[in-house]
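Q: Can you walk me through this one? I have a few quick questions.

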Amino acid sequence: MKTIKIITIILAIILITMIAFGGVYIRTQNRMENKVKSYDFGREIKGGRIVELKVNDENNEEIRTQENYEIVKKTIEQRLKNLGAQDYTISLNTTDGTIVVELEENSNTDTYVYFLTADGKVQIKEEDSENELLSDEMVKKTTYTYTANAEGEYQVYMELYLTEEGQAKIEEIKNNYAIFEDEVEEIEASREDEEETENEETENVETTEQTEENNEETRKIAKLTIAGSEYSIDKIEKDVIRVKIGDETSNTTYVNNYINIAIELALLTNSGKYPIEYEMENNRLVYSDITNKQLLYFAISVAAVIFIIFIALIIQYKMKGLLVSLSYIGFISILLLVLRYANVSISIEGIGAIVVTLIINFIVNKALLEGATHTEYKNVLLKLMPVIIISLVFSFAKWSNLSSFGMIMFWGLLIIVIYNLAVTKTLLKLKESK
Amino acid sequence: MKQKSKNIILIAIIGLIIIAGITVISVWGFNKELRYSESKKIEIYVEQQVDVELVKSIADEVLGMHNMVQTIEIYRDMVTIRAIDITEEQRNTIINKLKENYEFEQTAEETDIVIVPVTRIRDMYKQYIMPFVISAILVVAYTLVIYYKKGILKVLRNVILIPIIAELLLLSWMAIVRFPIGRITPVFIILVYIASVWYAMNRIEK
């Protein structure tokens with residue numbers, strides 16, 4: 001009876017191993033498709049997007065300094081951090097300012113690439129003129145918000161917080177220029193009327209004189225632009241300029257779009273300014289130099305070491321050594337299956353975590369073979385706590401290489417505890433009581 | 001006495017290695033992996049899916065073993081070859097050898113040798129610092145709680161000093177033997193940290 005139980009467990013291990021290493025093939029649309037999820041590899045193993053940014057030739061020589069290149073590099077880093085990018089490397093050529101950004105290839109990469117060169121400049125300029133009235137440096141930070149009216153219509157706003165200098169400047173602009181949406185609309189409407197009046201064939205001197213007077217009284221218009229696009233100013237309160245993003249609407253698709261625009265603009269303006277203009281030279285998907293063959297050679301080397309350990313265990317512990325070796329294979333199979341389905345991205349650090357997990361499992365199996373007492377178990381677990389702490393801290397790290405290590409260690413340790421209690425210990429108990 | 005002299009010898013060896021490592025780092029710095037070093041690259045549009053192994057063998061022949069070959073774009077019909085230095089002659093040889101195996105239009109004269117900027121060590125690893133520091137603090141706190149009966153100073157001495165010395169040894173060894181610092185370095189640092197904490201806990205128990 002006990003022999004049958006042992007054989008059953010071994011057959012189950014063989015089945016799981018076949019699934020983990022071979023797969024489950026089901027006929028789908030006249031071809032055999034492996035239904036077992038494939039591994040998700042990190043950037044260093046899979047490859048990623050490489051974006052090369054070069055200094056725009058139109059920049060003056062005076063601003064082409066190492067200091068400015070460093071500022072741009074820091075701004076890019078800040079933008080990527082704010083966007084939640086979890087895996088990137090940035091290099092800077094301090095001689096010519098070329099910046100190379102390596103990003104993980106996923107559904108967000110194109111968004112990140114857009115933000116690398118997007119202009120986040122905030123300024124108020126006199127209409128049809130290069131006269132800058134309020135510059136970027138006078139804006140401290142930007143946020144966004146939205147309001148709803150009784151009819152369920154939403155209006156999205158951006159709020160630009162000004163520095164002290166900016167506050168003084170905006171007062172001056174308010175007095176001398178038409179800046180609010182309604183003022184600008186009024187002036188533009190009266191201009192249209194004047195054009196119609198001038199087009200009339202009958203000459204009316206009084207009308208002409210009146211038109212000339214009106215021209216003198218009409219204030220100049222000042223326009224606000226954020227990231228190159230014009231926006232209407234709704235309100236100015238003390239140190240905040242409230243800017244309308246889109247129209248008031250109850251259509252949720254439009255509202256969501258306007259909110260996304262506001263988020264994007266806030267991110268651009270809050271992450272810092274580019275003191276020098278850059279342009280994108282290259283934007284390419286580049287595969288890793290680590291080939292499948294190299295990964296296979298590494299896996300074979302690890303398998304060879306494990307095989308040698310198995311032989312040593314069988315020689316030393318005979319039948320018990322064989323059972324533990326078979327159980328170890330089952331452990332590896334379950335670990336690999338869990339990594340596929342737990343949405344864990346396997347980076348180079350993650351592969352290191354797999355190796356550490358295998359070592360820890362071997363230590364636990366050795367303790368089981370030597371008939372470790374409860375106290376000895378407790379001792380091993382106590383010593384494993386630092387590893388558990390490290391894996392938990394790393395799991396929550398934003399850097400995907402580290403979180404890969406942490407997640408794999410976490411799953412590995414969990415499977416070690418559960419699997420060895422459920423399978424390895426059971427096999428050894430059945431063997432001893434035969 | 002014998003044990004004491006053994007300990008002194010061990011400490012002396014460790015000290016020498018660390019001093020040698022610091023000297024090498026001060027004079028020559030670390031040896032960085034190619035992908036993080038200042039290097040040169042050429043990009044070749046081969047117009048068909050490329051056999052990376054073949055291109056790598058050509059690159060190894062012309063540029064020596066220290067090179068990097070990567071395929072580009074979704075159809076892998078373009079390849080980038082990177083090395084510390086690529087001369088015009090080497091570029092021409094690579095293009096000619098590739099043309100023996102593939103038909104494509106790009107000529108050697110049309111292939112620019114581009115400088116790839118260096119990635120600084122702090123940019124490579126700054127993301128690791130905070131999680132490492134947090135986990136180290138938590139591990140120290142944990143060992144203090146478990147082993148407080150053994151003496152707080154003894155615990156602190158072991159669980160802080162031993163990992164620090166182990167990491168310094170590792171970095172010194174990497175600097176002295178010119179082991180390339182790159183993608184695999186954090187793995188070694190984490191493994192050495194785990195092993196050194198394990199060793200420190202064993203020492204405290206004894």
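Q: What share of the 434 residues in chain A is buried?
A: Buried residues make up 29% of them. Buried means 20 or more other C-beta atoms within 10 Å of the residue's own, exposed means 12 or fewer, and partly exposed is in between, with C-beta atoms placed from the backbone.

Q: Before I go on, what are the ground rules?
A: This is a predicted model: local features need pLDDT of at least 70, side-chain atom pairs count only at pLDDT 80 or more, and totals for chains, interfaces and linings use all residues. Residues are numbered from 1 along each chain as its sequence is written, while chains are lettered from A and ligands numbered from 1 in the order in which they are written.

Q: How many helices and strands in chain A?
A: Chain A has 13 helices and 16 strands. These are DSSP runs numbered from the N terminus: helices are H or I, at least four residues, and strands are E, at least two.

Q: Why is chain A called more spread out than a compact globule?
A: Its radius of gyration is 33 Å, well over the 22 Å that the globule rule gives for 434 residues, so chain A is more spread out than a compact globule. The radius is taken over C-alpha atoms, and the rule is 2.2 Å times the number of residues to the power 0.38. The C-alpha trace spans about 120 × 55 × 55 Å along its principal axes.

Q: Which domains does chain A have?
A: Domain 1 covers 2-36 + 291-432, and domain 2 covers 46-285. Such bounds come from an automatic or database domain assignment. The centres of the two domains of chain A, over C-alpha atoms, are 54 Å apart.

Q: Which residues have the most contacts inside the largest nonpolar core?
A: Phe405(A), Ile408(A), Met409(A), Ile194(B) and Val197(B), in a core of 52 residues. A nonpolar core is a set of buried Ala, Val, Leu, Ile, Met, Phe, Trp, Tyr and Cys residues joined through C-beta atoms within 7 Å. H13(A) supplies the largest share of this core, eleven residues.

Q: What does Ile194(B) touch?
A: Beyond residues up to four places away in sequence, Ile194(B) touches Val356(A), Val387(A) and Ile390(A).

Q: What about Ile415(A)? Where is Ile415(A) found?
A: In helix H13 (residues 400-432) of chain A. Ile415(A) is partly exposed, because 19 other C-beta atoms lie within 10 Å. Leaving aside neighbours within four places in sequence, its contacts are Phe331(A), Ile334(A), Leu335(A) and Val338(A).

Q: Last topic, confidence. Where in chain A is it lowest?
A: In helix H7 (residues 205-217) of chain A, at a mean pLDDT of 50. pLDDT is the predictor's confidence in each residue, from 0 to 100. Helix H10 (residues 319-341) of chain A is highest, at 94. The mean for chain A is 86, with 95% of its residues at 70 or more.

Note on methods: Two residues are in contact if their C-beta atoms, placed from the backbone, lie within 7 Å.
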